[in-house]
Amino acid sequence: MSASQPGTNPARGTNSGPAGSNGGRHARNGRGRGSGRGGEQFMVPRAEFRSYYGRPVIKEPVWKEPDVPAYLFFGGLAGASSVLGAAAQLTGRPGLARAGKVAALGGISVSTVALINDLGRPARFHHMLRVFKLSSPMSVGSWILSAYGPAAGAAALSDLTGILPAAGVAATAGAALLGPAVTTYTAALLCDTAVPAWHEAHREMPYVFAGSAASAAGGFGLLAAPAREAEPARRLAIIGAAVELTAKKLLERRLQGRAEPYQTGRAGALLRAGEILTGCGLAGAGLSRRSRAGSAASGLALLAASALTRFGIFEAGRISARYPEYTIVPQRERRTVLEAGTRTDADAAAVRTGRR
Amino acid sequence: MSVTDRPGLTGGADPAERAGWAEHPPRMGFFTDTSVCIGCKACEVACKEWNAVPEDGLTLTGMSFDNTIGLSASTWRHVAFIEQQAPESAPGRDRDAGGDAGGDAGGAEDGLRWLMSSDVCKHCSEAGCLDVCPTGALMRTEFGTVVVQDDVCNGCGYCVPACPFGVIGRREDDGGAHKCTLCYDRLGVGMEPACAKACPTDSIQFGPLDELRERAQARVSDLQEAGRTDARLYLEGPDDGIGGAGAFFLLLDEPEVYGLPPDPVVSTRSLPRMWKHAGLAAAGVGAMVLTAFLGSRTDVR
């Protein structure tokens, strides 16, 4: 097939189509769109994809920035902070407990406001609680939030004001039990879409989110808790950062060429900056035990890194939805395999049935 | 009464039945035979008129005669126009072979052909939009179709990236999600959808899905026998990644050429695995905190 065919393949071999204007991206899997000029015939066929005028196949998410990445980040900070705060209370570290509870209340408030603000019809936010659907991570998440939010709020208010201490303990425990779910349901939320970069990463994404949330909570603890109580926060920050970095590496390794949206463009820059900050925060947290300023700086770096990770992942998804090759090429390969082999290929069949 | 689909984690049974309709009419759908589409856009106009869908751009796109670009919150039928080199084997290059069976609109002399196709919501058996809708605004009707209840939708936008076809969209002005209803109001009184009614060549055929599937098989066989080896059905059976579509197509080239995904899979099929990993990762948060405190025990005093 010639690259000069009008209508069928404008995204390849020409610099004029809508997708052709997207410079600076790499070939995928060593193939993808060629770097040829318009009309050039390749002697060796490149992996071609055909599309409708380079238009996207799926819709780009209408979710806004910074609302939705902020919702992800602050929700993660809150959820992990509740667990940290409860454990601190249990082990007799009131300062760290208070820091965790305050971070949880602040985080979940910002997160919820961001989520509601992103709705097309914010006044109807309570419609989320009309039904409960396991098939909708947003429905499950709304119910989790509606139980977690009040618990986190009561825990923090009781701690700050000293009223109803028994209820405060119960709320602290409740928030700690629900907190972990708050940190990871959002990963299922993103991945349960047709957005290629998100959906294909559904195995690793919850662990990235869990690590990112733990490192943010630990980072906030380093920043806000008294130095003599900060050791668990320091350790949580280090463990969380390590988990986040590892999970992200595993994600990129498994996706190989399909990880391109995470590695290039603005998303790639955000994620790289996040990784560098995570690395700095991790090292800083390990080395700053005797320095209050060093601890605070490490905590800040980890908080910023966690936020950058969420913004980067969000952007990678948008990019992978915007350019049709991310949708078309893997599906075309699968369809070709299934048509040729009448589903002898277990891999391709497993994707279709949701087992992969 | 609002009827919400059960979690779409299983395929198989009739979608209306799965959604809880005890008694329901046969599943209704569209068979869009693009080999006889003439690109008149009567379907686009009829849809807008009947459903009072707002105008959403009358631009010159440079994409042949396409003005509406793709399906969206305010484009529920979209006619795609593709100008391409007719394949050597395609009888579109030879007027005689195309004949009655093909009705190809392309000019044979220059080897070019013009493909036209009226796209629409697929009303999937396993509908991603419906699965992920957190409010129950998207529902399965007794006809097996998928519609948005505008008075319920809170504009969360989750359905938009959940659709593997990029059909449903959110309107800027009213903030709600909108898409083809397969003219639910007309179906309720025994009428056919506006687009099918307006289609002058019967490229858009409406009816019980079983009947349409038989008709489509016969049509594609006829075309193949007439030498149109490029004719193929798309989303015609229940074995694909969406459990089969309520609106399926006869195409003359690969789906992606028309802007359609070659092998769509509803993301909800792997949601059980996602929940498993989300659960494990949540347990991991607890484990991380536990580890942090276990190691710190001696540092308290």
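Me: How many residues of strand E1 (residues 28-33) of chain B are buried?

Reply: Strand E1 of chain B is mostly covered, with six of its six residues buried. Buried here means that 20 or more other C-beta atoms, placed from the backbone, lie within 10 Å of a residue's own, while 12 or fewer makes a residue exposed and anything in between partly exposed. Helices (H or I, at least four residues) and strands (E, at least two) are DSSP runs, numbered from the N terminus.

Me: Before I go on, what am I looking at, and how are things numbered?

Reply: This is a predicted model, in which local features need pLDDT of at least 70 and side-chain atom pairs count only at pLDDT 80 or more, whereas totals for chains, interfaces and linings use all residues. Residues are numbered from 1 along each chain as its sequence is written, and chains are lettered from A and ligands numbered from 1 in the order in which they are written.

Me: Back to E1(B), which residues point which way?

Reply: B:Met28, B:Phe30 and B:Thr32 point one way, B:Gly29, B:Phe31 and B:Asp33 point the other way, and all are buried. In a regular strand the side chains alternate between the two faces of the sheet.

Me: And which strand does E1(B) pair with in the antiparallel sense?

Reply: That is E8(B), over five bridges, and B:Phe31 has B:Gln205 as its bridge partner there. E1(B) also runs parallel to strand E10 (residues 247-251) of chain B, joined to it by four bridges, with B:Phe30 opposite B:Ala247. Two strands count as paired if DSSP finds at least two bridges between them.

Me: What does helix H2 of chain B pack against?

Reply: Its buried residues pack against strand E2 (77-85), strand E3 (112-120), helix H7 (194-198) and strand E8 (204-208) of chain B. H2 covers residues 42-51 of chain B, and seven of its ten residues are buried, among them B:Ala42, B:Cys43 and B:Asn51. Just after H2(B), B:Ala52 takes a positive phi of about 50°.

Me: Which residues touch the most other members of the largest nonpolar core?

Reply: Of its 196 residues, B:Cys129 and B:Cys159 do, a nonpolar core being a set of buried Ala, Val, Leu, Ile, Met, Phe, Trp, Tyr and Cys residues joined through C-beta atoms within 7 Å. The largest share of this core, 14 residues, comes from H1(A).

Me: Why does this core lie between domain 1 and domain 2 of chain B?

Reply: Domain 1 (15-265) and domain 2 (270-301) of chain B both give residues to this core, so it lies between them. The bounds come from an automatic or database domain assignment, and the C-alpha centres of the two domains lie 47 Å apart.

Me: Switching topic, how many residues does each chain bring to the contact?

Reply: Chain A gives 79 residues and chain B gives 71, where two residues are in contact if their C-beta atoms, placed from the backbone, lie within 7 Å. The largest share of the side of chain A that touches chain B, eight residues, comes from H4(A).

Me: Where in chain A does pLDDT stay under 50?

Reply: That happens over residues 1-46 of chain A, pLDDT being the predictor's confidence in each residue, from 0 to 100. Where pLDDT is low, the predicted coordinates should not be read in detail.
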